[in-house]
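Let me put the structure up before I write anything down.

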Amino acid sequence: MRFGDERGPSAWFAWRRLAYCLLLSLGLALRFSPTYAEAGGARQDVAIGVLAYQGELAAALDWAPLTRFLNDHVPGYRFHLEHFDADSLREAIRDRHVDLVVTNPGHYVVLENEFGLSRIATLDSPQALSPDRGTGSALIVRSDRSDLQTLGDLRGKRLAAMAPDAFGGYLLVVREMLAQGIDAESTLKEIHFLGVPMMRTVTAVQRGEADVGVVRSCFIEQAAARGVLRLEDFRVLGDRRGSDAGVAAFPCGLTTPLYPDWPIAVTRTIGHGLSKQVAQALLAMPADTGMAWTVPADYQSVHALYRELRTGPYAHLRDITLAGLLRRFWPALLVLALVLAAWGVQTVRVEHLVQRRTAELRASLRARDAAEARVRGHQEQMEHLSRLSILGELSGSLAHEINQPLTTIGNYARSLLRRHADGRLSEAAVVEACSEIDSEAERAGDVMRRIRDFARKRSAVREPVDMPKLVDSARKLIEGMLLQAPPIVCESSLPPGCEVLADASQLQQVLLNLMKNAIDAGRDLPPERQTIVIRLEVVDKRLVVQLIDQGCGLSAERQAHLFEPFFTTKPDGLGLGLPICKTIVEAHGGRLWAQSNVPSGMCFSFSLPCHAVSD
Amino acid sequence: MPFPTESALVYVVDDDPALCRSLRFLLETEGWPVRLFESAESFLDEIGHQSRPVRPCCLLLDIRMPAMSGLELQQVLRERGFDAPILFMTGHADVPMAVQAMKCRACDFIEKPFDDQAVLDAVAAAVRRCADMLDEAHRREAARSALSHLSLREQEVAHLVARGQPNKLIAAELGISEKTVHIHRQHVMEKAGVSSAVELARLFLRADPGALD
């Protein structure tokens, strides 16, 4: 037996198959034991795969005459039946487990297309009008359903059928409905596919579980003959025999046109000789065996049906109707819709959250900006105040003292011009005025000298200063003062213990001033150009401190005036920072100078004599 | 009175002698007599106990001076009633002081370094103001002097005449005869040097603006 080879079927399916198989074997053994006894072991096995649309036992009984006849008339072979539903029959052909195939016309054209089956005979049933007009479908309703008279009455009704790909059990009716302009999937309310046996469809109609059922033509007539049902309980919907003269002679109720009856086909496992032998035997099979075969019918009408329905071999033509999809997949669609809705709700919620958080973030950023602005405001205020205090300090001495000679000089000069204009300019007046102007100019010069002395007077303290430490404290100080101080990098190549003798607070003032200038120079530049480098090294026994910025630098002309009092490049500068720094450094016996940095910016350097370099 | 005039005088008070001299040089260009003082104290010494300038003048006064400041000097002069106009000279940083100085009605201020024309204009305006003021004071004193020569009775009569009362009513009010009133009236006109009741009234008002209320 091949069932052991079957791949994939579920355990339940295998058990069912096994049970049917045992039963079948028993039945065959009882009825045809002589044949089997004769068969012995020498004969070659030929498997006939049969579509068992009424269940396997029924199929076994139905097709028993076939195997018996072939076993009797084709010597050297032992024919036996294998029963399948449509899918498993297909698998069996694919796996070359069957040699002959008996199936319905629809299934046949599908398999013909897929596996290259070729029919060798068509069943010649007693009711067939001709080999290609042997079978059709009947739509049955309960005879008490007077509301159902034509196919048009099926709108919104429930239909029972065997399977979506069942030929007589579904597709013929779908095509017929289509021919009458009715799309089955969208017109019907529900379609129940009940599977094999076909009797399930009849039962569903009888119980009212379906309004209408699709069965193979003559199915209910044959069932009635077997006493399984009462024919008068059912009515065939849209019986064509009244309207179509070509089928008037058909003995059974018929909703659809007639199609060729079941074929028997050979698969590629079978040789030409055996095909011919079987065909000859089948054509010779007498009617009294209960089954007759005739020459292979034309299955074009079946192809036409599939093409029209765009199913089977023509499934690729199927164009999916929205209504049909809706009906078939509504639970999935509902789930999908719910998922989409949930997703939508989630999206909206997330969006809302994002917006809220963004707003919160913005608010906090605004608050931070405001705080920064406040700090900056305070800082500017403080700087302003410190400037004012310098100004206050200066205005008492410097500003007033510069103003006085300036005013005096101005008075003399303008008076001279007036007298000259009036023609009353005496020589004595010129001499008087000019000598006054001269002495006043001298006086203004004295004021500037006093500014320089200002720093000198204070530089009384001299103590060892650790320059790297001082630079570090100045850096921390300025970072504390400014909200967004750029990076200040200190590179020291000083030998350990290198010190200078100085007034630490004054040197710190110098460092702060130079750092502040360097920061101002880089203020509006990209961050990478704001970094300030402070380099400490010893050159010729002098400690050199360099402050290097990467700003825009200064022209040579401006550099020449850098250390002059009141010269400034800043809109709000006093122009006293660098002169004071210079006097401080010089008071320490050092030198302060500026040069352009390569590639950009300025380098301010000051050198101080080293106090001690411990070796 | 044409300006500048020889009878006027400009006082310059500044602790900076060079600046003082330059101002004199400037003012003399326009013909102003100038006197220089290097401190507020020396200026006070100079004016002694004068309660009023003897001739049209003004002060060019430095706000910032070592001992007595310009503002303090202003205060002293005000207390004395020495009401010569004052031009304060201020430096750039003296603005708050200047504001205080400006609260004085007769004051102006000019900023160092000077615009020469501004100084000269301000001096001229101040001296003119001072001259007007002195003129007014002189006339008031003359009126008072004229009226001071009247006897008590004559003053009573003169007062009523100046108010425009007829002799008859004056006689009734003072309880004397109309004829007596007439005689007093003649004496008043003679002594005060006026010829009508209207002129007499004007004299009264010049001596004391509230005299006829």
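**Burial and make-up.** I call a residue buried if 20 or more other C-beta atoms lie within 10 Å of its own, exposed if 12 or fewer, and partly exposed in between, with C-beta atoms placed from the backbone. This is a predicted model, where local features need pLDDT of at least 70, side-chain atom pairs count only at pLDDT 80 or more, and totals for chains, interfaces and linings use all residues. Residues are numbered from 1 along each chain as its sequence is written, while chains are lettered from A and ligands numbered from 1 in the order in which they are written.

By that cut-off, 33% of the 615 residues in chain A are buried. For chain B I get 34% of 213 residues.

Next I looked up the elements, which are DSSP runs numbered from the N terminus: helices are H or I with at least four residues, strands are E with at least two. Chain A has 16 helices and 18 strands. Chain B has nine helices and five strands, and from the N terminus on they run β-α-β-α-β-α-β-α-β-α-α-α-α-α.

**Contacts.** I count two residues as in contact if their C-beta atoms, placed from the backbone, lie within 7 Å. Among chain A contacts between residues at least 6 apart in sequence, 74% join residues at least 24 apart. In chain B that figure is 67%.

**Where the chains touch.** The contact takes 19 residues from chain A and 17 from chain B. Which elements give two or more residues to the chain A side? They are α11 (322–422) and α12 (427–458) of chain A. The largest share, 15 residues, comes from α11(A). For classes, I take Ala, Val, Leu, Ile, Met, Phe, Trp, Tyr, Cys and Pro as nonpolar, Asp, Glu, Lys and Arg as charged, and the others, Gly among them, as polar. The side of chain A that touches chain B then has four nonpolar, 10 polar and five charged residues.

**The sheet in chain B.** Strands pair here if DSSP finds at least two bridges between them. I find five strands in an open, parallel sheet, in the order β2-β1-β3-β4-β5 of chain B. β2 (34–37) and β5 (107–111) of chain B are at the edges with a single partner strand each, so one side of each has no neighbour in the sheet. From one strand to the next, the twist averages 20°; axes are lines fitted to C-alpha atoms, for helices over the stretch in contact, and angles run from 0 to 180 degrees between N-to-C directions.

I also checked one pair: four bridges join β3 (residues 57–62) to β4 (residues 86–90) of chain B. B:D62 stands opposite B:M89 in β4(B). Helix α1 (residues 17–29) of chain B lies across β1 (9–13), β2 and β3 of chain B, at about 175° to β2(B).

**Two helices in chain B.** How do α6 (residues 152–162) and α8 (residues 178–192) of chain B cross? Their axes come within 9 Å and cross at roughly 90°. That makes α6(B) roughly perpendicular to α8(B), a label for angles of 65 to 115 degrees. B:R153, B:E154, B:V157, B:A158 and B:V161 in α6(B) meet B:V181, B:H184, B:R185, B:H187 and B:V188 in α8(B). I sort these into five nonpolar, two polar and three charged residues.

**One helix in chain A.** Buried residues of helix α4 (residues 105–115) of chain A include A:Y108, A:V109 and A:L111. After α4(A) comes A:G116, with a positive phi near 70°.

Terms used:
Angles under 35 degrees count as roughly parallel, over 145 as roughly antiparallel, 65 to 115 as roughly perpendicular and the rest as oblique.
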